[in-house]
Amino acid sequence: MTQSVEIQKPLDIKKELLILYQMMLIRRFEEKAAEQYTKAKIRGFLHLYIGEEAVAVGVTQALNDDDNVLSTYREHGHALARGIDADFIMAEMYGKQQGCSKGRGGSMHLFDTSKKFYGGNAIVCGHLPIAVGMALVSKKQKKTNITCCFFGEGAAAEGEFHEAMNLAALWKVPVLFVCENNLYAMGTAIRFTHSMQELEKKGAAYGIESSSVDGMDLMKVMDAANSAIHKVRSSRKPYLLVCNTYRFRAHSMFDAELYRDKKEVEEWKKYDPIPQFQQYLLQEKLITETEIDEFEKKIEKKIQKSVDFAEAGTWEPIDQLTRFVYSENKS
Amino acid sequence: MKNNAAKINSTYREALKQGLREALQNDERVFLMGEDVGRYGGAFAVSKDLLQEFGEERIMDVPLSESGFVGAGIGAALAGMKPIVEVMTVNFSLLAMDQIVNNAATLLHMSGGQLNVPIVIRMGCGIGKQLAAQHSHSWEPFYAHIPGLIVLSVGTHEDARGMLLTALKSPDPVLIFEYTSMLNSEREIAADAGAVDISKAKVLKEGKDISIITYGTGVYKCLEAAAELATIGIDTEVLDLRVLRPLDEETFLASVAKTHRVLIVEDAWRSVSISSEISSRIMEKAFYELDAPVQRLCGVEVPIPYPLHLEDAAIPQKNDIVNAVKKMMSHD
């Protein structure tokens, strides 16, 4: 079932620039979030996606607006790529009621039904069965949309991963499983957690077509995602896409990174997807240094605006504490 | 409510089944999925013949993947359908507890009110079939502990016929506890029985001397005990809680104010149970109404043993209820 992915179509220049912009936005947004964390403006857990941006952006660009997206607690990148405005995400991380989950969720629980973005799930693998159920409805109601579910390689060790893969294949539902293999389940390396580390091979046990791709290379991710999503959309069957990637930052803000060598991180930074893609665009003369600088300035403004928005946001009154336990509209 | 009160005899199983059929007939978005619900006809034959009637799109057999299919039910609910998920027995629901507690009960809240999870999860449960320690759990208190869930206990045939229909109207997740030891029991119900309220407890027998508060298999046991107590002049009020979360305080506090004595009866273990919650609420809100301390008859704190005599001894029986009431009344 494992197969290499070939380039499907020539690059669309405008789209490529938008994608560069998105990756740079995600990177800078998270750097700012880390800063705001050290200032105690953001609390709780904060899991940064820095280094893995090519995966969220490369996959999301191939989705349609009516497709469902589910993600993990390391989901700022997916949420931004899906089009949730940075203002609402930053406000959510501040815990303000203007946040995309009204401040109730925080960094790990970003939701926006208008973007069909269903979390933000912080129990590793907890959202895979949900993704299968959402795809089951597409099948039952003969809809044309698909469901895209991001998770880490840590999730692939959970029982729910295997239950979800089996159900998806058994029921033949249109779901794309995107495994972001960043080599560490929190602080434990994949060689200590998986007997079979070529994770795409797990698809074969369920008759699920699968492939793996260099998740640090945006264009390869895009090609792989375009191909995988095309297959899910046309076959109405599940697909497992493994994106091999790397997280440059610690697991969370509490992580002293005792489990990996700094040299290893530095080595991986050579494959940073953003400079790689910038270099490509420059070489092909699809962008100029000046334009990249302009992107940076524009992003800086946008991020500052999101901080200002979050700062200006208001706290939900304590007398509303017990809202959203049961539905207010009972019908 | 009904003037032309035509009655029919129905087993608890048949009442559940007719409720299911009506639910499936009423709404195209409703489907049933669970282990052995289709070709086998349901582990307890509740869904027998429904596969033939409704087809395999709506009566779905699933693999033994409790977390997987309960989670899929949650996903289906998020995407706009009305899944009824049957977990064969409550004992296996522990394998799906992550989905029920971390997803079904929290998604509305974590999303700031954006996501509804209109799933109904039915579970066979109860003690009394000599099924030993892993198949005789009373997990009502576990689930009744969780904000965001609605927890129903089907103690009567009317509720077996009607609770599911109302549960399917709820935008929030509903767990329905169905008692397998009652499946074959036959009772009279209204010929046109249907949807019932799922927000209130219910006084099933009015009385003035003492209130017995119970749920599940305790209901008929307590009614039988009340009938026996009537023969010796003790006028007992029997209250079926029905809804274990959110609790209908108003109804049981009104009963306390009327009788001034309370016995709570349940199969679940005594510590951190439904009865401990009821008892503390009475203490907090009706202390001065009491003429005697609240008493409880609960499951003995032991994994349920296999032999019948030990199993019987592990949970309250009719005679225990009669004796407890007599003892409470003798203090006057």
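This is a predicted model: local features need pLDDT of at least 70, side-chain atom pairs count only at pLDDT 80 or more; totals for chains, interfaces and linings use all residues.
Let's start with contacts inside chain B.

What else describes chain B? It has 12 helices and 14 strands. The radius of gyration of chain B is 20 Å, close to the 20 Å from the globule rule for 332 residues, so chain B is as compact as a globular protein of that length. Along the principal axes, its C-alpha atoms fill a box of roughly 60 × 45 × 45 Å. Of the 332 residues of chain B, 55% count as buried.

Now the domains. Chain B is divided in this way: domain 1 runs 7-190, and domain 2 runs 202-329. Taken over C-alpha atoms, the centres of these two domains of chain B are 26 Å apart.

How many residues of domain 1 of chain B are in contact with domain 2 of chain B? The count is 23, and they meet 23 residues of domain 2. Look at the domain 1 side of that contact. Helix 6 (140-144), strand 6 (150-153) and strand 7 (174-179) of chain B each give two or more residues to it. Strand 6 of chain B has the largest share, with four residues. By class, that side of domain 1 of chain B has 12 nonpolar, nine polar and two charged residues.

One record to mention here. UniProt, in an unreviewed entry, places "domain: Transketolase-like pyrimidine-binding" at residues 10-185 of chain B. Over those residues, 10-185, chain B is 35% helix and 19% strand. The end C-alpha atoms of that stretch of chain B are 8 Å apart.

On to chain A. Chain A has 10 helices and nine strands. For 331 residues, a compact globule would have a radius of gyration near 20 Å; chain A has 19 Å, which agrees. Along its principal axes, the C-alpha trace of chain A spans about 55 × 50 × 40 Å. Of the 331 residues in chain A, 52% count as buried. And the contacts in chain A? Between residues at least 6 apart in sequence, 75% join residues at least 24 apart.

Let me pick out one helix. Helix 7 of chain A covers residues 218-235. Why does its length make sense? At 1.5 Å a residue, its 18 residues should span 26 Å, and the end C-alpha atoms are 25 Å apart, so the two agree. Which residues of helix 7 of chain A are buried? They are Leu218(A), Val221(A), Met222(A), Ala224(A), Ala225(A), Ser227(A), Ala228(A), Ile229(A) and Val232(A). As background, an α-helix has 3.6 residues a turn, so residues three or four places apart point the same way. After helix 7 of chain A comes Arg236(A). The phi of Arg236(A) is positive, near 60°.

Last, where the chains meet. On chain A, 33 residues are in contact with 33 residues of chain B. Two helices of chain A, helix 5 (128-140) and helix 6 (159-171), each supply at least two residues of the side that touches chain B. Which element of chain A gives the largest share of that side? Helix 5 of chain A does, with nine residues. What kinds of residue make up the side of chain A that touches chain B? There are 16 nonpolar, 10 polar and seven charged.

Notes: Residues are numbered from 1 along each chain as its sequence is written. Chains are lettered from A and ligands numbered from 1 in the order in which they are written. Two residues are in contact if their C-beta atoms, placed from the backbone, lie within 7 Å. Ala, Val, Leu, Ile, Met, Phe, Trp, Tyr, Cys and Pro count as nonpolar, Asp, Glu, Lys and Arg as charged, and the others, Gly among them, as polar. Domain bounds come from an automatic or database domain assignment. The expected span of a helix is 1.5 Å times one less than its number of residues. A residue is buried if 20 or more other C-beta atoms lie within 10 Å of its own, exposed if 12 or fewer, and partly exposed in between; C-beta atoms are placed from the backbone. The radius of gyration is taken over C-alpha atoms; the globule rule is 2.2 Å times the number of residues to the power 0.38. UniProt positions are given in the numbering used here, feature names are shortened, and annotations may be inferred rather than shown by experiment.
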